[in-house]
Amino acid sequence: MKSYRKELWFNLPGRRGFVNITRDVQQVIDEAGIQEGLVLVNAMHITASVFINDDEGGLLGDWDRWLEKLAPEKPYDQYRHNDSGEDNADAHMKRSIMGREVVCAVTAGKLDFGPWEQIFYGEFDGRRRKRVLVKVIGE
Amino acid sequence: MKSYRKELWFNLPGRRGFVNITRDVQQVIDEAGIQEGLVLVNAMHITASVFINDDEGGLLGDWDRWLEKLAPEKPYDQYRHNDSGEDNADAHMKRSIMGREVVCAVTAGKLDFGPWEQIFYGEFDGRRRKRVLVKVIGE
Amino acid sequence: MKSYRKELWFNLPGRRGFVNITRDVQQVIDEAGIQEGLVLVNAMHITASVFINDDEGGLLGDWDRWLEKLAPEKPYDQYRHNDSGEDNADAHMKRSIMGREVVCAVTAGKLDFGPWEQIFYGEFDGRRRKRVLVKVIGE
C-alpha cells in the first residue's frame, strides 16, 4: 500500500466563499502515482468545509443565503462561543451542515466521479491562511 | 491491497424517496472477496444522498417533512439556481444535510455495523436514472 | 495492509451530551501499530454522532441549543416515528446534521490534524450503553 499527503493553502479575502479544488485534488493523486484506492480531502480548520456539489454560480449564492438562514452570523451575542471574544460561532455551525471532509474513490488514477461532481473548499471565517489536507492511499 | 468497484443504478418514480441498499452493498463486498478494509458508498449525483439510519417507515416520512421545512422545494423563484431553468435547488440543499457518502468498516467480510444501522439511497430529484458508486479496498 | 478495530463504549447520564474522544482514537492507532493510513471513527447507533470541531464549552452549549432549534425534541407527536412508542425522532435528525462518522488521515503514526481539530462523540438519546467503532487501515 502506498500513501501520499499534501496540504492545499487558502486565504480568502472575504468572511465566506467557495473555491473549486477538483483539479488540485486530481493533481495530488497524479503526484501520488496511485491508480486504485481512496483519497481523503478534509478541512484542517473547524470553521471551513470540504464538500462535493455543482459548480453553478446561482447555486453557490443560494448556499450562502441558505446557510445564513439556518445559522445566522448576527446578532453575535446569540452564541455563548462569542462571549470569549470570537465572532465566528455561526461559522462552526455552517461547517457542520456542509461537512468537514469527503472521501472519494480513485480508479485508474482518476477521481471516480459522476458527471457534475466537483470538490469545493467552503470558507466561513476567512481573511487568514487556512489549510486542506489531501491524503491518498492505495496502489 | 485489493480494490473493487461497482455501480448501483436507480430510477425512482417520484421526486423524492428512500431505498434501503444495505444488502446490495454487502453483495458488492462479497463479490470483492475482501475480508478486512473499508467500503465507500457515495451518490454520483449532486441531488442525491447516501446515509445510514433506521429503516422505520414513520421515520422515513419524518425525514421528508423535516427536510422540506429546512430547504423547501417551493416557491422555485427563491433560489437563483432555478433561474437557469432548473427547479431542483432545494434538492442540492437537502442532499447537503443528509450527506453524499458513507464510509463503513469491513470486518471478517461483513459490514461492521451496530444493530440498527442500514444504508439508504436518498433521492431528492428523481424520475431519471441515477447511480451510486461502491468502492471496496482491503485484503 | 494492516487493519485493526476497537469499540469505545459510552453511557451518558443525560439525553444529550458531547465527549471528546481524540485521545481514545489516538490510543487505538497506537495499539494498531499503523504509521500511514486512514482511521474511520463512526457511531454504531443511529441517534448518535461522531464529528470534529472545537473543544470550547460555550460552543458545545451553542450546538445543543442550535440543534434543538433545527430539530426540536418536543412536542413528541410532531414525528410519526414517535407513534411507535419511541420519543427519539429528533435524535435521528440531530445526528443527520452532525454526521455519523469521520475519516482521518494517519501520518507518522499520529492523527494528522489542524491545530484545533478534536473528535467528539455526540449523544442525542443517552442514558444507555452505546458504542463507537474505530477501524484503522494502513501500514
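**Entry 1: a crossing between chains**

In which hand does α2(A) pass α3(B)? I looked, and α2(A) passes α3(B) in a right-handed crossing; the term means that the near helix is turned clockwise from the far one by less than a right angle, anticlockwise being left-handed. The contact (heavy atoms within 4.5 Å) is made by A:L59, A:D62, A:W63 and A:W66 on α2(A) and by B:A89, B:H92, B:M93, B:S96 and B:I97 on α3(B). I also looked up the axes, which are lines fitted to C-alpha atoms, for helices over the stretch in contact, with angles from 0 to 180 degrees between N-to-C directions. Those of α2(A) and α3(B) come within 11 Å and cross at roughly 55°. The two helices α2(A) and α3(B) are therefore oblique to each other; under 35 degrees would be roughly parallel, over 145 roughly antiparallel, 65 to 115 roughly perpendicular, and the rest is oblique.

**Entry 2: notes on what I am reading**

This is a predicted model, where local features need pLDDT of at least 70 and side-chain atom pairs count only at pLDDT 80 or more, while totals for chains, interfaces and linings use all residues. Residues are numbered from 1 along each chain as its sequence is written, chains are lettered from A and ligands numbered from 1 in the order in which they are written, and side-chain values use heavy atoms, leaving out hydrogens and water.

**Entry 3: chain A**

I found three helices and eight strands in chain A; helices (H or I, at least four residues) and strands (E, at least two) are DSSP runs, numbered from the N terminus. Their order from the N terminus is β-β-α-β-β-α-α-β-β-β-β. The C-alpha atoms of chain A fill a box of roughly 50 × 30 × 20 Å along the principal axes. Of its 139 residues, 64% count as buried, and buried means under 20% relative accessible area, with over 50% exposed and partly exposed in between (1.4 Å probe, protein chains only).

Within the chain, the axes of α2(A) and α3(A) come within 10 Å and cross at roughly 120°. Here A:W63, A:W66, A:L67, A:E68 and A:L70 of α2(A) meet A:D90, A:K94, A:I97 and A:M98 of α3(A).

**Entry 4: the copies**

**Entry 5: the core**

Which residues have the most contacts inside the largest nonpolar core? They are A:W63, A:W66, A:I97, B:W66, B:I97, C:W66 and C:I97, in a core of 49 residues. Such a core is a set of buried Ala, Val, Leu, Ile, Met, Phe, Trp, Tyr and Cys residues joined through side-chain atoms within 4.5 Å. In each of chains A, B and C, α2 (57-70) and α3 (89-98) each supply at least two of its residues.

**Entry 6: two last stops**

B:L59 lies in helix α2 of chain B and, at 0% relative accessibility, counts as buried. Beyond residues up to four places away, B:L59 touches B:N53, B:D54, C:H81, C:A89, C:H92 and C:M93.

In α3(C), 10 of its 10 residues are buried. After α3(C) comes C:G99, whose phi is positive, near 95°.
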